[in-house]
Amino acid sequence: MVLPGLWAVLTPITVGFLVGPTCLVGLLGGSICSGMMLAIMMSNAGGAWDNSKKYIEIEGACGGKGTDTHKACVVGDTVGDPFKDTSGPSLNILIKLMSMVSLTIAPIISGNANWENWEYGLIPSGLLLFGTLLVYKLYWSVKLDITKMPEAAKESGEYKEVAKATDLVVADGTAL
């Protein structure tokens with residue numbers, strides 16, 4: 001979450017100083033429109049996935065519990081709950097954060113024409129590039145072998161239950 005936070009804070013500063021107030025208004029307008037549509041879509045989709053599972057369990061539709069349709073709806077509910085409860089509402093926070101950062105720098109860039117004093121916009125651009133490379137080096141460049149079973153799970157016999165539940169077959173390090 002370091003990188004999305006960094007981009008949310010520094011993007012309005014970069015655009016405001018690099019291009020100007022007019023472009024910053026366009027950035028905010030686009031982020032508000034796209035963020036609002038995405039938040040509404042995610043909230044509605046999460047609620048629909050949650051309700052589909054309830055419909056099958058309570059009403060017994062499509063064969064009721066224990067069917068493949070019910071299993072698929074359980075997976076959909078697992079995805080739908082974060083959509084409904086966290087992802088949609090968190091976009092509201094992102095829009096507010098970008099707007100507050102823009103309002104904070106507004107007095108500094110209010111009299112500027114487009115591309116006036118653009119060299120000041122290179123500073124937050126450099127910070128964005130440095131932060132992105134730093135996060136890549138610290139987190140994304142680490143190679144994880146997801147096919148290896150943790151030692152604690154092997155000792156407890158937990159891995160057998162997981163393999164049976166998901167019907168996952170691992171051969172030569174490749175999940176099939």
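Okay, let's start with charges: the count of salt bridges here comes to four. Keep in mind throughout that this is a predicted model.

Asp-50 pairs with Lys-84, and the closest N and O atoms are 3.0 Å apart. Where do the two partners sit? Asp-50 is in helix α2 and Lys-84 is in helix α3, so this pair ties together parts that are 34 residues apart in sequence.

That brings us to the two helices themselves. As a reminder, two packed helices are described by the angle between their axes and the distance between the axes. Helix α2 covers residues 21-59 and helix α3 covers residues 68-109. They pack at an angle of about 160°, and their axes are 7 Å apart. Angles over 145 degrees count as roughly antiparallel, and α2 and α3 are therefore roughly antiparallel to each other. As for the hand, the crossing of α2 and α3 is left-handed. And what is the contact of α2 with α3 made of? Its residues divide into 22 nonpolar, 14 polar and six charged.

Now the other pair on my list, α1 and α4. Here the packing angle is about 165°, with the axes 8 Å apart. Left-handed or right-handed? α1 passes α4 in a left-handed crossing.

Next, a pocket. I'm picking the second largest pocket, which has a volume of about 160 Å³. If you want to find it on the screen, look for Met-1, Pro-4, Gly-5 and Ala-8, together with Ser-90, Leu-91, Ile-93, Leu-94 and Leu-97, which line this pocket. Which helices supply the lining? α1, residues 2-18, and α3 each give at least two residues. The largest share, five residues, comes from α3. By residue type, the lining divides into seven nonpolar, two polar and no charged.

Last stop, the backbone. Have a look at the loop between α3 and α4, where α4 is residues 122-140. Trp-115 is found in that loop, and Trp-115 has a positive phi of about 65° although it is not a glycine. Asn-117 lies in the loop between α3 and α4 too. What about the phi of Asn-117? That one is near 55°, again a positive value in a residue other than glycine.

That's the tour. Happy to go back to any of these spots on the screen.

Key:
Residues numbered from 1 in each chain as written. Predicted model: local features only at pLDDT ≥ 70, side-chain atom pairs only at ≥ 80, totals over all residues. Heavy atoms only, no water. Axes fitted to C-alpha atoms, helices over the stretch in contact; angles between N-to-C directions. Helix = DSSP H or I, 4+ residues; strand = E, 2+ residues; numbered from the N terminus. Parallel < 35°, antiparallel > 145°, perpendicular 65-115°, else oblique. Left-handed = near helix turned anticlockwise from the far one by under 90°. Nonpolar A, V, L, I, M, F, W, Y, C, P; charged D, E, K, R; others polar. 1 Å grid on protein atoms, 1.4 Å probe; cavity = no way out; pocket = protein on both sides within 12 Å on 5 of 7 lines; lining within 4 Å. Points joined across faces, edges and corners; volume = space filled by probe spheres on them. Salt bridge = Lys/Arg side-chain N within 4 Å of Asp/Glu carboxyl O.
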